[in-house]
Amino acid sequence: MRREARAALEEVLGDRVAFDVPMSRYTSMRVGGPADVVATPADRHELGALLRACAKHGLPHCVLGAGFNTLVLDGGLPGVAIHTRGLRRLEERPDRALRAEAGVSHGSVTRFCTTRGLSGLEFAAGIPGTVGGWVAMNAGIGTREVVDVVREVEVMSPTGRRRRHLAGGRLCFGYRGLRGLAPGSVIVSVLLAVSLAEPAQVKAEVDRLLEARAGSQPLNVPSCGSVFRNPPGDYAGRLIEAAGMKGAVEGGAQISTVHANFIATQPGARAADVLALIRRAQREVELSSGIRLVPEVKIVGRES
Ligand SMILES: Cc1cc2nc3c(=O)[nH]c(=O)nc-3n(C[C@H](O)[C@H](O)[C@H](O)COP(=O)(O)OP(=O)(O)OC[C@H]3O[C@@H](n4cnc5c(N)ncnc54)[C@H](O)[C@@H]3O)c2cc1C
């Protein structure tokens, strides 16, 4: 990276910018090569200044929440990985809504709602990650997804020059994704619809969902949750199991013996091991069922 670009990033962010950082520290699979830069703006103003500096110096950027749905390849990430952890304001509004900044964790939202008796977001209990990742992925369980509760999304343009508030109904949410934002746009905050309820009632539903999750998913090992999207009318996990791939191993990665749509990694695993398993599962499932599985996990960076 050119010296002026590096100096510009340091001028904007001080010690909240780091160079040549292994992405295994920033992703739940605990694998992945280094990002040239990891930048953690403290608030939306710094985020804007950072994006403007990236644009001025021709530095590519990508956005990283908590990395629970991201596989960074072993060759690492070129440019600037913007970590949203600093955007963490969360407040209740008088109009039955929550305003949550992108870096707020789902866990914080769930605790906030449980304590105050705010209902509507219980379905997100146990989905790990940040509010930004939640919205970008249209995360959910069963038939309930983010799209059902989003009233508005605040988005910063890729060059950091413009912020817009987009009504939920105007956004193009699909199965585990949000289309239609310019590449490189950053979700800054989101307005979520809630209703009033008894705190005990909210807590009971959250506990029920957490218990169901603990009984069906391997939560004590590094993973990214479901690796593949479910194809229409079927389940990726069922197809992988039927193709004889449950428990399959590549290097330090294994298709979970608990839930076949999860890949678990061990210390020392490489992203290449995970990628090899992804490709093997796709091949075997296609051979046995004719269905080509599509990854849900975001695969980014360079293969080494
Ligand atoms: C054990 C486990 C269980 C899981 N269960 C579920 C489940 O039940 N349902 C479900 O839907 N998912 C599930 N997931 C996947 C994951 O938790 C969700 O996709 C979550 O929303 C990811 O949030 P994140 O902050 O970690 O996103 P990241 O992995 O950091 O990012 C995901 C994508 O969102 C983009 N992004 C993140 N923040 C922003 C932002 N501020 N602006 C623009 N783009 C942004 C990133 O660029 C990337 O493309 C599970 C994962 C694990 C490990």
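**Entry 1: a first question**

Is Asp95 buried, partly exposed or exposed? I looked this residue up before anything else, keeping in mind that the model is a predicted one. Asp95 has a relative accessible area of 31%, so I noted it as partly exposed, since that class runs between the limits of 20% and 50%. I then looked for a partner and found Arg93, whose side chain meets that of Asp95 in a salt bridge, at 2.7 Å from N to O. Arg93 is partly exposed as well, with a relative accessible area of 28%.

**Entry 2: how the chain is divided**

I next looked up the domains, and found domain 1 at residues 3–86, domain 2 at 90–216 and domain 3 at 236–300. For domain 1 and domain 2 I noted that their centres, taken over C-alpha atoms, are separated by 23 Å. Where they touch, 14 residues of domain 1 are in contact with 20 residues of domain 2. The area buried between domain 1 and domain 2 comes to about 1,300 Å², and carbon and sulfur atoms give 62% of it. Which three residues supply more than any others of the area that domain 1 buries against domain 2? I found that they are Arg44, Leu51 and Arg52, which supply 39% of that area.

**Entry 3: polar and charged pairs between domain 1 and domain 2**

I looked up the pairs across this interface, and the count between domain 1 and domain 2 is two salt bridges. In a salt bridge that I looked up separately, Arg44 is paired with Glu101, and their closest N and O atoms are 2.9 Å apart. I also noted four residue pairs in polar contact across the interface of domain 1 and domain 2. On the side of domain 1 that touches domain 2, the elements giving two or more residues are helix 2 (44–56) and strand 3 (61–64). Helix 2 gives the largest share of that side, namely six residues. Sorted by class, the side of domain 1 that touches domain 2 has six nonpolar, five polar and three charged residues.

**Entry 4: salt bridges elsewhere**

I then searched the whole structure, where the number of salt bridges is 22. One entry in my list is the pair of Asp15 and Arg16, whose side chains meet at 3.9 Å from N to O. Asp15 counts as exposed because its relative accessibility is 69%, whereas Arg16, at 31%, counts as partly exposed.

Another pair is Glu250 with Arg280, in which the closest N and O atoms are 3.0 Å apart. Glu250 lies in strand 17 (residues 249–250) and Arg280 in helix 7 (residues 271–289), so this pair ties together parts that are 30 residues apart in sequence.

**Entry 5: two arginines with positive phi**

I looked up backbone angles and noted Arg96, which has a positive phi of about 50° although it is not a glycine. Arg96 is found in the loop between strand 6 (90–93) and strand 7 (97–101), and it is partly exposed, with a relative accessible area of 45%. Arg176 also has a positive phi, near 50°, and is a residue other than glycine. Arg176 lies in the loop between strand 13 (172–174) and strand 14 (177–179). Is Arg176 buried or exposed? I found that Arg176 is buried, because its relative accessible area is 10% and the class takes values under 20%.

**Entry 6: the last residue I looked up**

I ended with Val300, which is found in strand 20 (residues 298–300) and is partly exposed, with a relative accessible area of 28%. Which residues does Val300 touch, not counting those up to four places away in sequence? I listed Thr70, Leu71, Val72, Leu73 and Leu77. I also noted Pro78, which is 222 residues from Val300 along the chain, while the C-alpha atoms of the two are separated by 9.9 Å.

Conventions. Residues numbered from 1 in each chain as written. Predicted model: local features only at pLDDT ≥ 70, side-chain atom pairs only at ≥ 80, totals over all residues. Heavy atoms only, no water. Domains from an automatic or database assignment. Contact = heavy atoms within 4.5 Å. Buried area = accessible area lost by both parts, 1.4 Å probe. Salt bridge = Lys/Arg side-chain N within 4 Å of Asp/Glu carboxyl O. Polar contact = N/O pair within 3.5 Å; in protein donor to acceptor, adjacent residues only side chain to side chain. Helix = DSSP H or I, 4+ residues; strand = E, 2+ residues; numbered from the N terminus. Nonpolar A, V, L, I, M, F, W, Y, C, P; charged D, E, K, R; others polar. Buried < 20%, exposed > 50% of the residue type's maximum accessible area, 1.4 Å probe, protein only.
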